[in-house]
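Subject: The two-chain model and what turned up in it

Hi,

Here is the structure I said I would pass on.

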Amino acid sequence: MSSTTAPPAVQRPLTGTAAVKAVRKRLSGSLASVLVIAIGVMWTIPTFGLFINSFRSKEDAATTGWWVFFLHPSFSLSGYDQVLTSQGGLIIPLVNSLAITIPATIIPIFVASMAGYSLAWMRFRGSDAIFFALFALQVVPLQMALVPLQQYYVHGLQIAGVTILPSPGVNGTLTQIWLSHTMFSLPLAVFLLHNFIAQLPSSLIEAARVDGASHLRIFRSIVLPLSMPAIASFSIFQFLWVWNDLLVAKTFGGSNPDMQPVTARMQSLVGSYGAHQELLAPAGFLTIVIPLIVFLSLQRYFVRGLLAGSVKG
Amino acid sequence: MATAYLLMASSTAGQAATTLLGVIEAVGGFIAILVIVFFVAGRATGRLQKPIAVVICLGPALFLVTLGLIIPAITTINNSLKNQQFLGQLDTQYIGFKNYTYAFTDPTTQQTILRTVLWLLIVPAAAVAVGLLVALLVDRMKYSSVPKTMIFLPTAISFVGAAVIWSYVYNYVTPSQPQTGLLSEIVMKLGWSNPPNWLITAPTNTFLEMVIMIWIQAGFAMVVLGAALKAIPDEVIESARLDGAEGFTLFRTVQIPMIRNTLVVVLTTVMITTLKVFDIVFTINNGNFDTDVLARQMYADMFVTSQVSRGSALAVILFLAVTPLVFYNIRQLRRERETR
């Protein structure tokens, strides 16, 4: 409740301490605004600088700071042209990022919502324990899984020299990146979707059961459509997470440039000191623009998921 | 020249089309399999109906986490007790806790661990402080969505993208030349005529890399803490105001105690993310110039310098550090749900 929203209770001019208080209140209100705007600007300037630099010519960007643009405006699309069309440009990495992100978002949605539904509505012995165990698996950092999982993709699952599961034969394809992201996402995904599905009105599901609908039918025709808000939240999470990931892509995509997503390509651009410095700004901006669009247009769902995942449960 | 250019463009388009077609095939195939399984299993009736449904719905998830998390975690713990050097090496032996002793006694690794602890102490506290400050300030403000979005925006930016963005801030140019890095420009305008080459000067570089992480995480803290502040009932704030609590007093005696749980959860969540920080350090200077952290050295041990077991030991150390934080969060979440 701020001073601006509360209607003034007293109409006559304030005097003495009351006046001092009112003035201080008003001042602290505008001081707060100034401070917030200052922090907001501080937080935006680095990105803004990259954006400006991406539209300057190679020479300008290499010899002067981006702020010079406002004194001597110069405009050039050559950076974008080179990034988009040259060999080793960003087109293929951008396509790869999409090719990695879309399946790695869609597959976990189905796997996790099915699991969430069965744990919430098909009560059986141990369902609570399984739910808790799945959730608790969040403690396993994906770093722990990298080497063994890579070995599995190459050699299959072996225990004491005995092959228990043969290699899935996906080594060197995008499939192993999809699979890995799916596996790593499941603890959080099942948790988020289960919590939402468990809160669907039981009368709805009971009624469908009375009408003779099977579990699978209920899932398909009632649970899945009604869970769309939770699915939207999770999808944005997963989309941003996979698009922005570097470690999984580097580990399971290897050094194969045909499978590199933009993050891996950018990382090697930054790393190759000076070789393509001039491309860094346009390439960097292209890398962040898609998640930014997704984020800005679906921020509401993202925040909802964030709150459900980290505070509310 | 022109034909070569066209040829290349068409080959790029061809490659892109092939990749995307593969995606459509994969997703389509996955959904088709689901539909078929649902159709076939949907014909089952009677006593078997429920068990079949349970297996179909829960099976894939359990299979995937077993294969992707449980077995690998056990394997990594096992690996950390061996002397495996490169991937796929067969003639390995158990050497007890030597890899762990090494991690804590080797000077370089010791430095890495210490640096990770420093990250862990500074980044979450700073990110939460900024987030809390903004959340408190905008809590009493009308038009706050624009600055809030500006602060929240970095959440959507990858660590690699953030590293690129900040490389234009930390860029170093000889002081006699026009500056291209914002930081150098600012400190030189303020009168420091000879700033260091930021990213290769230890220990400054570590702190500058921390700034990037704080920049990313502050928005998350702001949003979650802002929601918690908003959830404090108006009556509580009003009655505290009537009792004369204003500004900082209100903040210290009413608002902070009421969002304490959320505050701790946000802090631990940022801690967990910070412990695993890899991309920023890896991208900016690959852990050189005294910037290495646990997750980066672990990656190098495993995949670059052929010390799989040592890397596994670091992964287990990471796991042991994360575990209490996660369990604390889970307990907090459960408690909060019970009170509702």
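One definition before anything else: helices (H or I, at least four residues) and strands (E, at least two) are DSSP runs, numbered from the N terminus. This is a predicted model, in which local features need pLDDT of at least 70 and side-chain atom pairs count only at pLDDT 80 or more, while totals for chains, interfaces and linings use all residues. Residues are numbered from 1 along each chain as its sequence is written, chains are lettered from A and ligands numbered from 1 in the order in which they are written, and side-chain values use heavy atoms, with hydrogens and water left out.

Phe289(B) sits in the loop between helix H12 (279-285) and helix H13 (294-303) of chain B. Its phi is positive, about 55°, although Phe289(B) is not a glycine. Phe289(B) is partly exposed because its relative accessibility is 37% (buried means under 20% relative accessible area, exposed over 50%, partly exposed in between, with a 1.4 Å probe and protein chains only).

Ser306(B) is another non-glycine with a positive phi of about 55°. You'll find Ser306(B) in the loop between H13 and H14 of chain B, and with a relative accessible area of 34% it is partly exposed.

Which peptide bond is cis, with omega near 0°? That would be the one from Ala202(B) to Pro203(B). Pro203(B) belongs to the loop between H7 and H8 of chain B. Asn197(B) is in the loop between helix H7 (182-189) and helix H8 (204-230) of chain B, and at a relative accessible area of 26% it is partly exposed. From Asn197(B) to Ser184(B) it is 13 residues in sequence and 8.9 Å in space, C-alpha to C-alpha.

**Two buried asparagines in chain B**

Asn329(B) is part of helix H14 (residues 308-339) of chain B. With a relative accessible area of 10%, Asn329(B) is buried. Leaving aside neighbours within four places in sequence, Asn329(B) is in contact (heavy atoms within 4.5 Å) with Val265(B), Thr268(B), Thr269(B) and Ile272(B). The side chains of Asn329(B) and Thr268(B) are joined by a polar contact of 2.5 Å. For the record, a polar contact is a pair of N or O atoms within 3.5 Å; within protein, one must be able to donate a hydrogen and the other to accept it, and residues adjacent in sequence count only if both atoms are side-chain atoms.

Asn99(B), in helix H3 (residues 98-105) of chain B, is buried too, at 6% relative accessibility. Leaving aside neighbours within four places in sequence, its contacts include Asn79(B), Lys82(B), Ser309(B) and Arg310(B).

**Chain A**

Chain A has 14 helices and 2 strands, and 54% of its 313 residues are buried.

How do H8(A) and H9(A) pack? Helix H8 (residues 202-210) of chain A and helix H9 (residues 215-226) of chain A have axes that come within 10 Å and cross at roughly 150°. Axes here are lines fitted to C-alpha atoms, for helices over the stretch in contact, and angles run from 0 to 180 degrees between N-to-C directions. That angle makes H8(A) roughly antiparallel to H9(A) (under 35 degrees counts as roughly parallel, over 145 as roughly antiparallel, 65 to 115 as roughly perpendicular and the rest as oblique). Leu204(A), Ile205(A), Ala208(A) and Arg209(A) of H8(A) meet a set of H9(A) residues that includes His215(A) and Ile218(A).

Helix H4 (residues 91-121) of chain A also packs on H9(A), with axes that come within 11 Å and cross at roughly 110°, so H4(A) and H9(A) are roughly perpendicular to each other. Among the residues meeting there are Phe110(A) and Trp121(A) from H4(A), and His215(A) and Phe219(A) from H9(A).

**A spot involving both chains**

Thr64(A) lies in the loop between helix H2 (58-63) and helix H3 (78-85) of chain A. Leaving aside neighbours within four places in sequence, Thr64(A) is in contact with Arg56(A), Pro178(B), Gln179(B) and Thr180(B). The side chains of Thr64(A) and Arg56(A) make a polar contact of 2.7 Å.

Cheers
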